[in-house]
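Let us walk through this structure piece by piece. Keep the coordinates open as you read.

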Amino acid sequence: MTDPKLDTLRQTISTMLAKRGQPPEFADEDSLFDSGRLDSASAVSILLELESVFGIDLGDPDFDISQIDSFAEIRQLAQSQG
Amino acid sequence: MTWNIAHRFEKAADRHPDNLALAAGQTRLSYLSLKQLAQAVAAQVKPALRQARIGVLGSRSIEACTAFLGIAWAGGTYVPLGLNHPDQRLIALFELLELDALIVDRAGVARLSPEVRQAAPDLILVPRDEPGTFAPLDSEPLTAELPVSDHPAEVGPDHLAYIIFTSGTTGMPKGVMVNSRSIALYLDAIHPWYELGPEDRAAETCEANFDLSLHNMLTAWSAGAALFIMRPLDMVAPARFIRAHQITTWLSVPSIVALMRQAGGLSAGSLPSLRLTWFCGEPLSAQAVRDWSAAAPNSIIENFYGPTEITVAVLRQRWDGEGPLTRERGIVAIGTPIDGVEAIIVDAAGQPVPDGIPGEIVLAADQCSQGYFKLPELTAEKFREFNGRPGYLTGDRGYRDHTGLFHHLGRLDNQIKYKGHRIELEEIDARLREAAEAELVGTVTWPVSGDVVAGLAAFYSSGTLEPEQVRARLRQLLPAYMVPDHLENLAEMPLSSNGKVDRKALVAMLDSREQARAAS
C-alpha cells in the first residue's frame, strides 16, 4: 500500500536531486545527505515537510536528525507518527 | 625530536588510551582504538609511498579522520579532496597531484565512476564494514599481516604535512603546501591560550578540505579531548548537536550563526556547555557575536583570522562584550598576531604605511606555508620575504589602529566568501566562459546583505545557449556552491573603460531591477 503523502515526499526529493544536477532516481536505502547528494537547505525543506505534513515534532528531545539520511529512514519516521 | 603531526596524537593516546577520541553517529572510538586503526591505515599505504602524496576522497566521517591520521603516521602528505568536486575537476586534480594512493570513505565510494577510477592511483582503499577499516578496491584481502609501525614515521621539519586546495583565478583550484614545522609552530603558538584538556568535547564543524578541520582534529587530539564529527545533517541543527553532545569547544565559520538564527536555534542561554568558541574564515559581524554570546553565556569568544597560506590562522581578538569593533564594517576587529607572527600593512609599492592608513595586509612568520603546488610563478608573486622572514601577501585590505589592533576592510581583488567557502570570482568566470561558449562573462555577488554574500549572479553574452543549459554544464565543472544562483544571457555586456566586464555595473543593474520590483 502506498501513502500519497509519502509519494509526494519522494517526488519532492527527486526534484531536489534534479535541481542539484543529480540523477533524480534514488533507492530507498541510498544515503541522501551523508553522500553529499543533497545539501543542508534541502534537509531543512524535508524537515519542514515532515513537520507540516506528517506532524512530526522536531522539538522532541529524542528526535535524532541523523535519522533522515535515506528515504527508508524518512518513511519509518513518518509512519511512526501515523 | 620528531616533527610528525601524528606524534602529538600518539602522546595523548599513551596518556589517555581509554578516553573518547572520535565520535560520529553511533560510532565511538577510544584513543587506543583510533591509534590502532591509524596504524593499520599506515601499514596499508606505506608500501605505496613514492611522492608520498595520498588523497582522501571523503569528509565528516570516521573513515576520513582515520585516513588523515594513518597518512601522517606513515610519513605521507595528506591531501583532502572533500566530496564536492565534480568528476572532471576531480580527474584534473588527480592528474596534477600524481597521488600514490587514494583513501575513500563511504560517501566517497559513490564518487568512483569509471572515469574517476581510471584517473585515480592504482591503490584505492575503500571502507570495510568495521568503522575506520579499509581494503584495497578489487583486490583479494591480504593473507599475510602487514608490518605495523608502533610509532609515527620520523619526518623532518620540511616534510610536507598536507596540501589543501583553495579556489584559483585560472579556473583550477590551487594547492597550498604546508610543512610539519608550520603546523608545529601554529599549535605551539595557540596552545597557551586555548588549553584544551582531556575533559573537553570539541565539534568538527568543517569539511575535510578546509584547513580549520585540521585545527579541530589536531587541537583535540593533542589534548586527549573528544572530537564529535558533525555529519551533513547535523549541520542543519548545530544547536541541537552542541546540546546533545555537551560540546565545550567550538570552532566554525560565522555563517553558521546566521543559519542557526534563521532556524530559531539560538535562544539566550541555550548553549551553556560551551566554554570556548573560535570564529574563523569570514568577517564576524557584531550581531552574530552578540547573539552567540547570549546563547553561550559561559563561553569565551575569539575572532580568528588568517588565510590557509599562512597555516590556519595568525591573528586573534577576544570579544570583550562590546568590541573591539571595526566600525567601518560593523565587524569584530581581527586583533593582534599570535606568537611568532608579524602583521604589516603595506602600500601598493610594498612599503609599510603608518598606523591608521589602509593598505594590504602582509603576514610574515616562520609558520608560513611553502607556496602553491606546482605553481612557482604564483608562489613567487604572493610569497615574499619581509623583515627577514617568509611572508605572504594576503590580498586583504586592512589597517592597524593607534592602539595596535588590526582591522580587516575587505579584498583588493575579487576573492569572496560565500557560505563559508573562499571563492575567486575569476574561477567561476573561467568555467562560465567554457560552459556558455562565450568570451564576455561576469560573476558578481548578489544579493549582499550587510557584509554577507547571500547569492551569486553570473552573466554571459552568447547567442545560442539558454541559462539552464549553461547551468547543467557548469555543474559538471564546478562544486555546487560555486554554481551561480542566478544565470542570465545578456545581449549587451557592460564594459568598463579598459574593455573589461564591468562588475559594478552588473550589480547596479540587479539593484535597480530589484528596486523597480519593490516599487511595483
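In what order do the three strands of the open sheet in chain B lie? The model is predicted, and in it the order is β26-β29-β30, with mixed pairing. The edges are β26 (441-445) and β30 (486-489) of chain B. Each of these two strands pairs on one side only. On average, neighbouring strands of the sheet are turned by 15° against each other, direction ignored.

Take the pairing of β29 with β30 next. Strand β29 of chain B covers residues 456-460. β29(B) and β30(B) run in the parallel sense and share four bridges. Within this region, A458(B) stands opposite L487(B) of β30(B).

Elsewhere in chain B, two helices cross. The axes of α1 (residues 6-15) and α8 (residues 212-223) of chain B come within 7 Å, at roughly 35°. The crossing of α1(B) with α8(B) is left-handed. From α1(B) come R8(B), F9(B) and A12(B); α8(B) supplies L218(B), W221(B), S222(B) and A223(B). By class, the residues of this contact are five nonpolar, one polar and one charged.

Finally, turn to the chain contact. Chain B gives 16 residues and chain A gives 16 residues. On the side of chain B that touches chain A, ten residues are nonpolar, two polar and four charged.

Technical notes
Residues numbered from 1 in each chain as written. Chains lettered and ligands numbered in written order. Predicted model: local features only at pLDDT ≥ 70, side-chain atom pairs only at ≥ 80, totals over all residues. Contact = placed C-beta atoms within 7 Å. Nonpolar A, V, L, I, M, F, W, Y, C, P; charged D, E, K, R; others polar. Axes fitted to C-alpha atoms, helices over the stretch in contact; angles between N-to-C directions. Left-handed = near helix turned anticlockwise from the far one by under 90°. Pairing = 2+ DSSP bridges.
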